Amino acid sequence: GGVDNLSGEGKCIIVETNYRLYAYTDSALQEQVVRLFSQPLYRLPHMLICVVTRSTVRNALVKGISAAQIIEYLTLHAHPQTSQKPPAVPEVVSDQILFWEQERVRISAEPAVAFHDFSRLENVGLVETEAK
């Protein structure tokens, strides 16, 4: 599309601190990728306006897209004017995306052995000492 060429090789995304995302593009592919982790609000000629939310990020995570991949995509496709002053993606947005990912992995399964029904109380102490 003509708009992609204006901003240079698909570098057409602006992310604001209010989690709004502006994609200046005519590319159906680019639009579909952005929709993987954001909710479209408005579709205008040559522009898609979306919002990144907890539920849209969680849906992307369920589909196997990591927070780091979302942030990297937004950074790599940042509009040239936003990429002149790093970070191209506001820290509040990237930190929140990472936080939403961490919410999903608060608990992790570890292999364990449960000992029970000890015949004598001294055996509990022996097992506890051996476990340490």
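## Helix 4 against helix 6

In this predicted model, the axes of helix 4 and helix 6 come within 9 Å and cross at roughly 160°. Angles over 145 degrees count as roughly antiparallel, so helix 4 is roughly antiparallel to helix 6. The crossing in which helix 4 passes helix 6 is right-handed.

On the side of helix 4, the contact is made by A67, I70 and I71, and on the side of helix 6 by S94, I97, L98 and E101. Sorted by class, the contact of helix 4 with helix 6 has five nonpolar residues, one polar residue and one charged residue.

I71 is found in helix 4, which spans residues 67-76. Is I71 buried or exposed? Its relative accessibility is 15%, and buried means under 20%; I71 therefore counts as buried.

When neighbours within four places in sequence are left aside, I71 is in contact with V89, S94, I97 and L98.

## The buried side of helix 4

Helix 4 has the buried residues A67, I70, I71, Y73 and L74. Because these residues cover an arc of only 160° around the axis, they lie on the same side of helix 4.

What does this buried side pack against? The buried residues of helix 4 pack against strand 1, strand 2, helix 2, helix 3 and helix 6.

## Helix 3 against helix 6

Helix 6 (residues 91-104) also packs with helix 3 (residues 54-62), at an angle of about 60° and with the axes 10 Å apart. This angle makes helix 3 oblique to helix 6. Helix 3 passes helix 6 in a right-handed crossing.

In helix 3, the residues R54, V57, R58, L61 and V62 meet I97, W100, E101, E103 and R104 in helix 6. The residues of this contact divide into five nonpolar, no polar and five charged. I97 and E101 of helix 6 take part here, and I97 and E101 also belong to the contact with helix 4.

## N59 in helix 3

N59 is found in helix 3. With a relative accessibility of 45%, N59 counts as partly exposed. How far apart are N59 and V89 in sequence and in space? They are 30 residues apart in sequence, and 20 Å apart in space from C-alpha to C-alpha. V89 is one of the residues in contact with I71.

## The two sides of helix 2

Which residues of helix 2 are buried? In helix 2 (residues 28-35), the buried residues are Q30, E31 and V34. They cover an arc of only 100° around the axis, which places them on the same side of helix 2. The face turned away from this buried side carries the exposed residues A28 and L29.

Helix 2, in turn, is among the elements against which the buried residues of helix 4 pack.

Definitions and conventions
Residues numbered from 1 in each chain as written. Predicted model: local features only at pLDDT ≥ 70, side-chain atom pairs only at ≥ 80, totals over all residues. Heavy atoms only, no water. Axes fitted to C-alpha atoms, helices over the stretch in contact; angles between N-to-C directions. Helix = DSSP H or I, 4+ residues; strand = E, 2+ residues; numbered from the N terminus. Parallel < 35°, antiparallel > 145°, perpendicular 65-115°, else oblique. Left-handed = near helix turned anticlockwise from the far one by under 90°. Contact = heavy atoms within 4.5 Å. Nonpolar A, V, L, I, M, F, W, Y, C, P; charged D, E, K, R; others polar. Buried < 20%, exposed > 50% of the residue type's maximum accessible area, 1.4 Å probe, protein only. Arc of directions from axis to C-beta.
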